[in-house]
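Here is a short briefing on one protein chain. Keep the sequence and the 3D view open while you read.

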Amino acid sequence: MYKLLTHNDLDGVGCGILAKLAFGNEVKVRYNSISSLDREVEWFLENDEKETFLIITDLSVNEANEKRLQAFYEDKGKVQLIDHHKTSLSLNDYEWGHVVVEDEEGKLTSATSLLYEYLIKHQQLNPTNAVTEFVELVRQYDTWEWEKNNNQYARRLNALFYLISIEEFEEKMIQRLQLDDFFSFDEFEKKLLDMEDEKIERYIRRKRRELVQSPIGDHFAGIVYAESYHSELGNELGKEYPHLDYIAIINIGGKRLGFRTIHDHIDLSEIAGNFGGGGHAKASGCTLTDETYKQFVTDTFHLEPLREDAKHNRFNLKRSSFGSLYQDRADNLFLLYPLNEQEWAMNENKVQIEKTFASFEEGESYLKRTYAAWLVKDEIFVNYLISEVKNR
Ligand SMILES: [Mn+2]
């Protein structure tokens, strides 16, 4: 018998699906949150049969269980832990620990991709096209590579995962991976996913108007309240406001704080770590404590949301050689324009400020961080230009 204890997200359930493909009725799979794993491990060590091979994927154990598992292993118990989180790397010190963050080719791993390799190597599972495709989609989603590759297939696989129950997802996928030559969605799933996409779009449009910004520690954060679609929301808001180092998403009911970034120079596992949480470089989270509540909720509650840049302009465009016109809540007007190939200048109410910028992005970031300014509509821009001409 095998027992698999794994995470309850797509990557964790991907492991469950592979284990069932490999072992069929010979494996019992339990899906866990990060916080419930240690209880499950203790329960296994106290109650399960000695013959059962314990596999743990996509999660790591606390120090006490680390010791218990080592004792279990020394006592001829069978255990294998497979994970890809940086924070678990020290478990490689044990013979039963296999933690790889990046493979030999420099590709980021996921628990599902590591387990797939493991099962193939031990000849417990035959690789097929469909399974290989499925594993790659899960890996791309879990490592955020899908975003760089714009792999909508991977994104939709995760969306489907959250639209149906884990049991239903498992069953559908196992059947498909056993029967089909290639991995694909059926017509009903496609329709369901299209409807979900539209719903997310409307949700994000609404949330966009609620975003506030604030310096937090050494960083500049965007802050928004949301209970669902954290990844999509963090991603959209991050792209919309590149001057923000990261987006903090507050779930008051769940007492959780999620962090998302689109920037490579930000390591969110570190930032969440400072607040007692953890995760990846581009997505992490922590509990809403008294300290984080004060910084992210109390101290920002009075702030006005950021105004959105005008979307349908034909003339007042970003990076334009004529300049791009912005406005703040005090009705100040800012024109950001190129001086030459290497330098951008800024006029505040028609007077050039001393500071210049190495790029449009740098200038806009300064404008948005300092004045929370937004790109104005064409109408205001045209009037501005007319008055400029008259003054001359
Ligand atoms: Mn994972």
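In the protein chain, 57% of the contacts with a separation of 6 or more link residues 24 or more positions apart. The model is predicted. Its chain has 392 residues, and 36% of them count as buried.

**Overall make-up**

- The protein chain holds 14 helices and 16 strands.
- Its C-alpha trace spans about 90 × 45 × 40 Å along the principal axes.

**Nonpolar cores**

- The largest nonpolar core has 47 residues.
- Those with the most contacts inside this core are Leu18, Ala19, Ile56, Leu115, Phe134, Tyr141 and Leu157.
- Helix 1 supplies the largest share of this core, with 8 residues.
- Leu157 is in contact with Leu10, Leu137 and Tyr141, leaving aside neighbours within four places in sequence.
- A second core is separate and has 25 residues. Ile223, Leu244, Ala248 and Phe296 are among them.

**Helix 1 against helix 5**

- Helix 1 covers residues 10–23, and helix 5 covers residues 129–143.
- Their axes come within 9 Å and cross at roughly 160°.
- An angle over 145 degrees counts as roughly antiparallel, so helix 1 and helix 5 are roughly antiparallel to each other.
- The crossing of helix 1 with helix 5 is left-handed.
- On the helix 1 side, the contact is made by Leu10, Asp11, Gly14 and Leu21.
- On the helix 5 side, Val131, Val135, Val138, Tyr141 and Asp142 take part.
- By class, this contact has 6 nonpolar, 1 polar and 2 charged residues.

**Helix 1 against helix 8**

- Helix 8 covers residues 166–179.
- Helix 1 and helix 8 pack at an angle of about 50°, and their axes are 10 Å apart.
- These two helices are therefore oblique to each other.
- Helix 1 and helix 8 make a right-handed crossing.
- Helix 1 brings Val13, Gly16, Ile17, Lys20 and Leu21 to this contact.
- Helix 8 meets them with Ile166, Phe169, Glu170, Met173, Ile174, Leu177 and Gln178.
- The contact of helix 1 with helix 8 divides into 8 nonpolar, 2 polar and 2 charged residues.

**Residues to pick out in the view**

- Leu21 of helix 1 takes part in the contact with helix 5, and Leu21 also takes part in the contact with helix 8.
- Tyr141 is in the contact of helix 5 with helix 1, and Tyr141 is listed among the residues with the most contacts inside the largest nonpolar core.
- Leu10 lies in the contact of helix 1 with helix 5, and Leu10 is also in contact with Leu157.

Note on methods: Residues numbered from 1 in each chain as written. Predicted model: local features only at pLDDT ≥ 70, side-chain atom pairs only at ≥ 80, totals over all residues. Axes fitted to C-alpha atoms, helices over the stretch in contact; angles between N-to-C directions. Helix = DSSP H or I, 4+ residues; strand = E, 2+ residues; numbered from the N terminus. Parallel < 35°, antiparallel > 145°, perpendicular 65-115°, else oblique. Left-handed = near helix turned anticlockwise from the far one by under 90°. Contact = placed C-beta atoms within 7 Å. Nonpolar A, V, L, I, M, F, W, Y, C, P; charged D, E, K, R; others polar. Core = buried A, V, L, I, M, F, W, Y, C linked by C-beta atoms within 7 Å. Buried ≥ 20, exposed ≤ 12 C-beta atoms within 10 Å, placed from the backbone.
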